[in-house]
Amino acid sequence: MSGPILVLNPNSNAEVTAGLDRALAPFRLGGGPEIECLTLAEGPFGVESRRDGDAVILPMLALLRSRPEAAAVVVACYSDPGVETLREQLAVPVFGIQEAGVLAALARADRFGVIALSEASIARHRRRLRGLGLLERWVGEEAAALSVAESAHAPATLEEAGRRLTARGAGALVLGCAGMAEARGPLEAALGVPVIEPTQAAVALALHAVLAP
């Protein structure tokens, strides 16, 4: 059997990691690789700025180098902090959840929108999408005005943001924070469009990378 897929939450909020662990339960296949969710103890309580994202890169790299048995890595933060650095420095596939979530949304709809935590996070997400060449199919983002810690406990706020995005033409929505993981099902039922939980999307790609012959 291959080594584990490591899903690394780069903030120090263990509640976010626990929510991811629960959301990834359907991806734990009999006979398949272990999916292990990790919390970066040195990280901020929430990665909510470019400075936060830059600060976690070296601690993430140190932690992942201590786990050479890993078969793949998922960085479970929607800003995709350090993904390029980790790809350069590690010998295993590395997946960022923003990139994976957006690709999954584009497989379901012509145009997509993102439910962001806050207005401040939108600029970071836009820069990443510009680098991926995907702004043309992005209707925009709507902020739910939440912190990372609050994101799992405010479904009404998330639903309001989602409705604003569907009104703007989004045929699929991406949850713009790993902390929103357990809101996916209720939001999809309420809004009637595909809602992508990006850590699930990234783990699906990691499974393919590990299991493909």
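Where does Asp 80 have its place? Asp 80 sits in the loop between β3 (72-75) and α4 (83-89), where helices (H or I, at least four residues) and strands (E, at least two) are DSSP runs numbered from the N terminus. The model is a predicted one, in which local features need pLDDT of at least 70 and side-chain atom pairs count only at pLDDT 80 or more, while totals for chains, interfaces and linings use all residues. Residues are numbered from 1 along each chain as its sequence is written, and side-chain values use heavy atoms, with hydrogens and water left out. Although Asp 80 is not a glycine, it has a positive phi of about 55°. Asp 80 counts as buried because its relative accessibility is 4%, buried meaning under 20% relative accessible area, exposed over 50% and partly exposed in between (1.4 Å probe, protein chains only).

The largest pocket holds about 330 Å³ of space. Among the 17 residues that line this pocket, those closest to its centre are Arg 50, Ser 79, Asp 80, Pro 81 and Gly 82. The elements that give two or more residues to the lining are α2 (50-55), α4 and α6 (119-132), and the largest share, 4 residues, comes from α6. A pocket here is an open set of points on a 1 Å grid over the protein atoms alone, where a 1.4 Å probe fits, with protein on both sides within 12 Å along at least five of seven lines; lining residues have an atom within 4 Å of a point. Grid points are joined across faces, edges and corners, and the volume is the space filled by probe spheres set on the points.

**Salt bridges**

The structure holds 13 salt bridges, each being a side-chain nitrogen of Lys or Arg within 4 Å of a carboxyl oxygen of Asp or Glu. One of them joins the side chains of Arg 67 and Glu 36 (2.8 Å, N to O), and this pair links distant parts of the chain, with Arg 67 in the loop between α3 (57-65) and β3 and Glu 36 in strand β2 (residues 35-39), 31 residues apart.

Within helix α8 (residues 184-191), Arg 184 and Glu 188 are separated by about one helical turn, because they are 4 residues apart, and their side chains meet in a salt bridge (3.1 Å, N to O). Glu 188 is partly exposed, with a relative accessible area of 28%. Salt bridges that share partners also join Asp 80, Glu 84, Arg 87, Glu 99 and Arg 128 into one network.

Helix α5 (residues 97-106) is largely enclosed by the rest of the structure, because 8 of its 10 residues are buried, including Glu 99 and Val 102.
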